[in-house]
Structure formats: structure tokens, C-alpha cells
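Hi,

Here is the model I promised to pass on.

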Amino acid sequence: MRLPLSALIGLILTGTFVFVAIFAQWIAPYAIEDVSGGQWEAPSAKFWLGTDTIGRDILSRLIYGAQITIFVALASSVLAFSMGAFLGFLAAVKGGWIDQVLSRIVDMVMAVPSLIVALVMLSVLPLNLTVLILVMGILDSTRVFRLSRAVAADVAVMDYVEAAKLRGEKGTWVIFREILPNALSPLVAEFGLRFIFAVLFISTLSFLGLGIQPPLADWGGMVKENKDGLIYGKSAALLPAAAIAALAISVNLVADWILTRTSSLKGGRGG
Amino acid sequence: MNDKQKQLDWMVAQAKSGRMTRREFVGRTTALGVSAGLASALFGKAAQAQAKKGGVLRAGMQGGESTNSLDPALAASEVPFAVNMTWGEMLVDVAPDNTIDYRIAEEISSNADATEWKFKIRQGVEFHDGKTVTAEDVVATLKRHTDEKSQSGALGIVQGISEMTAEGDMVTLKMASGNADLPYLMADYHLVIQPGGGIDNPAAGIGAGAYKVKVNEPGVRHVFERHANYWDAANGAHADEVEIIVINDNTARTAALTSGQIHMMNRVDPKIVELLKGASGITIEHAPGRGHYVFIMHVDKAPFDNNDLRMALKLAINRQEQVDKVLGGLGAIGNDFPINAAYPLFDDTIPQREYDAAMAAEHYKKSGHDGSPILLQVAPGAFPGAVDAANLFAASANAAGVPLQIKLEPDDGYWSNVWNVAPFCASYWGGRPVQDQMYSTAYLSTAEWNDTKFKNAKFDELMIAARAELDEGKRKGMYSEMANILRYEGGLILPMFNDWVEARREEVAGWTPDPNGELMNGKALIKCWLA
Amino acid sequence: MHPILKLLVQRIALGLLLLLGVSAVIFLGVEALPGDTAQAILGQSATPQALENLREKLGLNDPPLTRYFLWLGGVLTGDLGTALTNGVDIAQAIGQRLGNTLFLAGCAAVIAVPLAILLGLIAARYAGRWPDKLISGITLTTISLPEFVAAYFVIYLFTQLIPIFQPVAMVFPGMSFWAKLNAVALPVIVLVLVVLAHMMRMTRAAILNVMQSAYIETAELKGLSPMTIIWRHAFPNAIAPVVSVVMLNLAYLVVGVVVVEVVFGYNALGQYLVDHVTKRDLPVVQAVGLIFAAVYIFLNMLADIIGILANPRLRHPK
């Protein structure tokens, strides 16, 4: 199997981001809340990428930002996937009223824009990481539900699944042993897309003031903190924006490659 | 003396004809011994003579929400303030040099112990609906603000008036106790005179000001057209129409100014002053004022009901760093009471409180606090640079072992959901012309806007006594004592006094810096013109 | 009944049922939020008596279901209630803002939809070659930018570097059509950037999918030019997935532009909703939520209907 250049770049970049996120504490030259320089200093030997609006090292904040951004996005996508995929498979395998109830609930949740649901929920719930991850994960699980239900419905009519059912295997056994392995690759690609969505979503929430709370900052929050310098050509806001885009693009490249390898079912609209 | 007067008159004439710039005028008049504030005011007045009429003048402002009302009693943020100043007229204004500018009242006198005041109402001032302003209108207006139901921000001010009567063109106010500052109190921006007191429809937007309300879309824009029968047309209402556009986003507001979509804007983030100065066609205006940025604790709510904890927080903030980094140096450090040298009777001998990590840690230990995070609620719009200030505060507090943590709130709804509700949050005050008014608005036990829930009998007592005290030396002593009570026991952390930092396009003429409030104390749209 | 008619009726009935269900979810969900509405209105210094009076006046003491049906009755007769914060009639307040929302969405759609389909067709035509790679690369970048970043970027570009547009996009009744267009130019650019990629990629994928079919090979054997094949034979069969992704993005343009509205100060529904969400103005949240849900359901239904009508097997039953 030949790995295309774009996928290779995507993999390397994604790997770098993850590495930086995991080892942020050891890599970052300064602590996240350290005010160690003047405002908006230009890049120098002391501050490789310059300083931000109140004189914190941008490189350090970008590194810690990677940690927070990737952690929250990953946690919420994992939550969305475990919930969405399990319920989606269950609906596809069991069919009947379980399928109907779950599908209609998902229809209804999806009919209300998720940003608005998130705004309403986050404005009344306490703002902390757990709540943030839960809200994002649950909202996003509806999309995973649709896809996995569609994928599983295709797989579920295959002979080997029918055979397993005839053997009298339980629904959960069928899901984990027969359907999951066969539906994995479209779901992995979808996981990449949902992860990107989560990165953008968390940035947007932070931008509206309902995401990560300072002095911690995700990249979206950093854009917001430094945006006033943007129209004067200060790079402090551009760097985190570029980081968001770079992460999204690299994950997208990997997801694209997985998708073309497995073809079909991209963006299936089940339910 | 006479010679000086002559020179001054000559210079005023020069200014009137536009042959002298403000810088020149202020420089030469101050050389004659005139105060800088007065010189600036004189120039502003003189320059009005060459104002050009016509055009549409637009201000882009932060501080408006779609829930705002035209009821002057309810004004609490910047846009409603500026809107009301544009259509409304009060009994008096406070001029930039801190003297009384007579508006609807043309003369004010009092008895010897300042318990009875007479306001002579100017003849021929007309409301937008064509009715003439009468003494009865004035009394009805003041009465409405004394009614708890009006929820007026000026309740604390008018409560002290025990009797109001209108007779001919004379309004007589009798005070429960003497108040030497009453004329200044009447300049409070809530006390806009409305026909019939605005009792039937407080949000009608009908007043005697320079402009009539044409479009009122709260949170979006407010459009005004010139009031044809404005009584003071010689000194204002130059543009045919004026407009206040609500642009809460800093970047968009700044971009709107540099691209010419608006002519002036409030609240330039001090962090971008240096950058904005470089933009062509833009002038930065700043005036050292009485405004201050604060972190306020409710002294009646745990853990802030513990004075040691409050003291720990007061000592854990690095004031100079805040001024340098948050204000970009355009301001001065504060001392945990809301008064500075811009006020009469300020006591400059009160020792300055400094950042002291060791003392802070000691007080924190003494408070017996359990070490859980102390939450400070803040929104970007609490004041310019509020989030940065809170970040700096948290960093300096954490360095002293005080577990301060920030909770970021959205701008929208901050003034209704967080300020005056949450036990510890960021806020700001525009300041008031006199000490008594500042204290009675926010620190008197019964004040409507007592946003630190500070209730101190001794403090209240001193305030009432100082109010009627005509001996300035004694009065100053009382104010000094009050300042110390507040510094040691209050819930107010006041790290800095801010300059008003605003920007205008170069084609805007007639600008006079005013320490009393934003955008020339809300009068920029009236006094300025398009050159 | 013609089977296609039956399908359509079924689909519409399903849509209406769904809307009914969503209305209940929105109403009861918002009601279930923690906190007391009366307290929220009167503030912390309210007396218990005043709270009780207000609860009575607002009908907060009735059981939730009763209130739901009262509310639903009001909605069906065009009465959305009054805002708690400033007592303004919601239907009236929403009217103009909904118009503004639709205007902005319409402008963006008119540009984005044809452009996306065209780019998708070109990308499919040159699949795997440089025009495809260029188009895919650019759209990949635009889809990876958060909206507010794109927004500040265009503000910098088009009001500072090349000052041709205004950064604050407010439209008012009485403005000429051109003035309105000029005002919304920047938000429209941002929205086009945001929705373009998704639609273009789906068009490309759907076409490529169809291109593998046997009848396309027949057409190729007949010697038709590639663009003719794509346009005449592949595209009509790819309409259903393309329409459904277009509708999804149209729904996004109507309901998902909160951030863009906030940055550009555009006076439309999203900004209005955000203003009131934070003040716990429940009737407004419910009303706007319902409008958004209705738009989403309607557009989805439309996509399905177009899909049904475009499907040759359904159009010509055996």
C-alpha cells in the first residue's frame, strides 16, 4: 500500500501536535500565566514568537493551548463516538421501536442548532472542563449516531451477521464482534471530521466567552485575547488561528486518505 | 489683572475666529495663570463660534444591549447614558473645569445652612413635543425618581430632598439635612427633565435636549434629528442628524473608525493606542478623569465577609503593573477608595497601598479560608482590558499564595446578570463631580447601586455630617476619615484610575476633553461638528 | 394514489410531526433550565410577595403541560408572547430581524451554491489532477478556519488594506437594495468561505460515485466529451446527495451564523438570541429556537422531496 504525500504530511503534523500536547509542561519555555515580557514584543531570542497582549510568551501559550485544545476536542469526540456509535449500532441491529425512538430523538436534537443549545446550556451550567466536554460530546453524538446507524444497517444485512443472529448471539455480541470491525474504517474517518468539528466548536465557544476559562487558554481563546492587534498586523492573533487551521487541515488530510482507501459511505445520511 | 483680562479676551477672540489652535490657546492662557481645565473649557466655548452646521455625525460605541430602554432612570451603561445626554437636558451640567454649567436652571441659590435651595427655571426652553419646560415638570421629574418603583439609579441622590415645590419659574427644594453639593447632584445623568416628569411614559424619549429621537433600536443604533427649537443652538446641535451605532466588538469598532464608517468612538483599548496613533486621519483624545476600574466584593457574602480575606486580596494586586499594562500608562494607581486628586477636598496624605505578597499571605492565613479557589467573575466588556487586568491580578495573587481564579463571563448580559449580583466581579465607575455624590451613589448603606453591599453606620454618619458642613477644612477631614474606613473595611479593590481614551476622525472639530465622562461627558455629538 | 404522491404526503406529515415534537422539546427543555424566571426578572432584592405576584401573572404556577399548550396555541395564531426583559412583543421584534437573517443567508446562498457546484464539477472532471488538487486544497483551508478568524481576516483585508467595504454590517428599513448589499458584503464573503467547501466536496464525491456506473461507461464509449457526460448524465443522478448537502448548508446559513453576526454587529436573529439567552429571557429563547428548528426541518424536508422527485425509479414506477 502506497502512502500519498498529503496523508504523510497530515500524519506527521498530527503526530507533532499530539506530541507537543502531551509534553507541553516540558517543552514550553514559560508557564502559561507568566507575564514575562512587555506587550506585543516582536519575536526575539527570548520570546521565539513574541509576546501577547499583556506580555506573555506566545510560544508557551500556543504549546499549552495545544494541550487544552486537543484534550477537550479529543475527550468530547471520544464521548460522542462511544455514545453515538453504540446507540447507532443498537438501533440498526435491534430495529423496531428502539430504532424509532432513538432516531426520532436524534432528529429532534439535530433540528435545534447545536451552537444555540450549547450557548443556552453553558450559560446556566457551571463553566468547567467536564461540563464543556459533556455538552459538546452529547451534542455531537447525534451526528455519529446517524452515520453509524447507516453503516451498521448496511453491514447488518450481510450474511455473516444474519448467521450470528441465527446462532442466537446477543445484540451486544453482534455489535462488538461482527459489526464494529466491519464498520470501523468509515467511522475512523468520521472520527477525524468530528474531531476537527470539536476543535472549531471549542474555539467558537471560547471566542463567545463560554469555553475555556482564563488564564488557561485554548487557541480560540488566544485569538480572542489578541484580536485587537490583528488589524495592525500584529501576529499574536494570527499564530493561534494558524495553529487551529493547521491542526484541522492535517487531521482532514489523514481522514481523507482513510476515506478514499475505503471509499463509499462518506457523509451518509442515515435515519 | 485688567491687563490679563484683556489678553485673555484677545485670545478668546482669536480662538473664536479659528486663528488659534487649542494647544496654542491652552499654552498661552495657562501662562497667564489660568488653570488648564478652565483654559480648555474657554477654548471649547470660543471655538463654538466657528462651528459648521449640517451633515450627519456618527459615534460608534461600546456598552449597549438590545434590552436598553430610553427611560433615563434606568440608564446604567455607556450607550443609554450617551443617548439620554443627546435628547435630554438636565437642570445643570458640570463643565470640564468642574464649575456648574447652567442648563434648564439659570440661577441657583441657597440659604445659609444649605437646607433650602432655589432653582430659577430658564424661560422659553421647549420640549420636543412643543411644550414649554415649567417648574412643575422639574418637580414631577424629581418626584418620579424618588419613587422606589421607578428603579432610578438616582434614588440615593433625590432621597435626601424632603420637600419639592414649584412656584412660577422657581423650584424650591428643602433638604432633610444640609447639602452643600446639591447643584452638582442635579447634574446626575439620570435626572433628565421630562414633560410631566415622564410619569405616563418614562421611555418616550421626549426631552429638551439638542436632538429628537428619530430611530430607537436598542442594542443596534439610535438616530436623532436636530430639535428645531433647541434653546442653546449657539453652542451645539451643529449636525443635522446624529447617530449612535452600537458596536460592542473592539476590533470592528476600531475598524469602523479607521475606515470612516463612524466619526468617533468611545473606549479605545489602551493596548492599541500606540497602534491606532499610526493610522492616518485619526486623533486619540484622552482626559484624566475620575473614572476608575474596580474589583468589587460583596462584604456580606462568604468568603468576602471576612475582612482579612478582603485585605489579603487588596494587598495582592500589583497596582503599578495594572496601570502600565492595562492602561498602557494612561492613568494613575488607585488606593481602594473612589476619590482622587480630580475631586475637591481630596486628602493626598493618605498612604498609598502597595503590592505586598508577604502581608497578603499573612492576612490570607489569618482569614482561615479553606484554600478553595476564590472566583473573580469578569467579562471583556467590564472595562477595556478587564480580562487582562484580572489575569494580572490572579497572577500576582497566586504568587502571594492567595488562590484567586478567574471565571470569564460573556459580555452580553454582564451588567444585569453578574454586576451587583455575583459576590466578586470586575466593574468600573465613571466617577462623579463631587465626593459626596460618589459615596452616596455606591457606598452609602441604602444606595441603590451599593455594589459592594458595604454597610457601615459610622461611614454613613460621617457622610451626612460632611454634606452639611460648610467649613471646608472640617469637611476635608471627614472625607479623609471616610476614605480610610472604606480602604480598611470596604469591599472595593480599586487598582487604577483610568483616563478616558477615545478616538475621533480628524474632520471632527470642536472636541474638548472632559473629565466628567466619556465622549465629552456624553455631549460630543452635540458640541462637535464636521469641519 | 400515485406512489410518489403517497411518499410526499408521508414525508410532509413526518416533517410536521417532527416539528411538533421539537416544539415540545424546546419548550419543556428551556423551562427545565435551573433558576427561577421571576427571580431573574425582579433581581435579588425582590420581596417574596412580589415574586409570587409575578409568577401568578406569568402563569408560572400552572403545570408545564398546560403552559405548553397555551404557548403552542399562541404560536399557531402568531402570538409569540412578550420579552421578559423589556416587555416588547416578540413577534414584532423578530419580524425585521428574521428578514435580515434571510437577506444575509440569501445573499450568501446565491453566490455559494452555484459556485460550489461549479467547482465540484470541475474538480470531478479533473479528478486527481492539478485543478482538482488546487480546488480541494483551497476549500480544505477555508473549512479549517473558525468563522471569527475568517471574519477578522476579511475586516483587515477589505477595510484596512484595501478599504472598499465597511466593517459594521447593519441594515435598516429604508436603505436601498445596493446600500444593503454593500453593507453585508463582508459577512457574505465569510459565510461563502465557510459553506463553500462542504458543498463542493459533496458534489465532487457524488459525481465521482456516479461516474463508476455502467451507463457512464456507455456514454464514454459513445465518444461524448467528459464535461458533457458529467453535465448531462452524471449530475442529474447525483442531485439527491447534492441537494441534501445544499439544504444542510442553507439551514446553517440561517441558524448558524451567530458568530458572524456578533463580529459584524449585524442586527439579525442570532445576535438577538444571544442577547436574550444570557438574560434568561425564556419566551424569546423558545420563540427563536422554534423558528430555527422550523427552518431546519423545512429545508430537510425540501431536500428529501427534491430527492424523491429527482429519482427516476420513483418517478416512473413499474
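Asp336(B) sits in the loop between strand E13 (331–333) and helix H12 (357–367) of chain B; helices (H or I, at least four residues) and strands (E, at least two) are DSSP runs, numbered from the N terminus. Before going on: this is a predicted model, where local features need pLDDT of at least 70 and side-chain atom pairs count only at pLDDT 80 or more, while totals for chains, interfaces and linings use all residues. Residues are numbered from 1 along each chain as its sequence is written, and chains are lettered from A and ligands numbered from 1 in the order in which they are written.

Back to Asp336(B): its phi is near 65 degrees, a positive value in a residue other than glycine. Asp336(B) counts as buried because it has 25 C-beta neighbours inside 10 Å. (Buried is 20 or more other C-beta atoms within 10 Å of a residue's own, exposed is 12 or fewer, partly exposed is in between, and C-beta atoms are placed from the backbone.)

Asn420(B) also has a positive phi, about 70 degrees, although it is not a glycine. You'll find Asn420(B) in the loop between helix H14 (414–417) and strand E16 (424–429) of chain B, and with 21 C-beta neighbours inside 10 Å it counts as buried.

Then there is a cis peptide bond between Ala302(B) and Pro303(B), with omega about -5 degrees. Pro303(B) belongs to the loop between strand E12 (282–297) and helix H10 (307–315) of chain B. Most residues other than glycine have a negative phi, and most peptide bonds are trans.

**What touches chain A**

From chain B, 22 residues are in contact with 19 residues of chain A; contact is C-beta atoms, placed from the backbone, within 7 Å. H13(B) gives the largest share of that side of chain B, 6 residues.

From chain C, 37 residues are in contact with 30 residues of chain A. Here H7(C) supplies the largest share of the side of chain C that touches chain A, 7 residues.

**Chain C itself, and a caution on chain A**

Chain C has 15 helices and 0 strands, and its C-alpha atoms fill a box of roughly 85 × 60 × 35 Å along the principal axes. Of its 318 residues, 44% count as buried.

Chain A averages a pLDDT (the predictor's confidence in each residue, from 0 to 100) of 81, and 94% of the residues score at least 70. Over residues 264–271 of chain A, though, the pLDDT is below 50.

Cheers

Notes
Contact = placed C-beta atoms within 7 Å.
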